[in-house]
Amino acid sequence: MDSEDALAKVKEVSEGVRETARTVRQSLEEGQPPGQALGFLREVVREAPLPSLLVAFMLGCLVARR
């Protein structure tokens with residue numbers, strides 16, 4: 001197998017993985033009724049990932065100290 005064949009296979013597999021992830025994400029979003037806490041949390045994290053990470057880290061520190 002030469003490098004062009006290997007590159008083509010890698011691209012094919014990565015496209016398959018992306019499509020599978022997209023399908024799973026859509027299925028999860030469709031299965032969740034709107035207004036639930038998990039849906040709200042998901043939207044907040046998508047809009048502001050760094051502040052959400054900071055809050056998660058601080059909560060982790062608080063829980064670890066107990």
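1. Let me start with the nonpolar surface patch: L38, L41 and V45 make one of about 260 Å². A patch here is built from residues with over 30% relative accessible area and no salt bridge, with nonpolar side chains (Val, Leu, Ile, Met, Phe, Trp, Tyr) joined within 5 Å and like charges within 9 Å. A salt bridge means a side-chain nitrogen of Lys or Arg within 4 Å of a carboxyl oxygen of Asp or Glu.

2. Before you go further, please keep in mind that this is a predicted model: local features need pLDDT of at least 70, side-chain atom pairs count only at pLDDT 80 or more, and totals for chains, interfaces and linings use all residues. Residues are numbered from 1 along each chain as its sequence is written, and side-chain values use heavy atoms, with hydrogens and water left out.

3. On the fold, the protein chain has three helices and zero strands, in the order α-α-α from the N terminus. Both kinds of element are DSSP runs numbered from the N terminus (helices: H or I, at least four residues; strands: E, at least two).

4. Next, the overall dimensions. The radius of gyration of the protein chain is 19 Å, whereas a compact globule of 66 residues would have one near 11 Å. That value is taken over C-alpha atoms, and the globule rule is 2.2 Å times the number of residues to the power 0.38. Along the principal axes, the C-alpha atoms fill a box of roughly 55 × 30 × 20 Å.

5. How much of the protein chain is buried? The share is 3% of the 66 residues, where buried means under 20% relative accessible area, exposed over 50%, and partly exposed in between (1.4 Å probe, protein chains only). The accessible surface comes to about 6200 Å², and carbon and sulfur atoms hold 64% of that; the areas come from the Shrake-Rupley method with a 1.4 Å probe, and for residues only the protein chains shown count as cover.

6. L41 counts as partly exposed because its relative accessibility is 49%.

7. Helix α3 (residues 49-65) holds A56, and L50 is found in helix α3 too. L50 is exposed because its relative accessible area is 65%, while A56, at 46% relative accessibility, counts as partly exposed.

8. Two C-alpha separations are handy to check in your viewer. A56 and A21, 35 residues apart along the chain, are separated by 24 Å; for L50 and V17, 33 residues apart, the separation is 26 Å.
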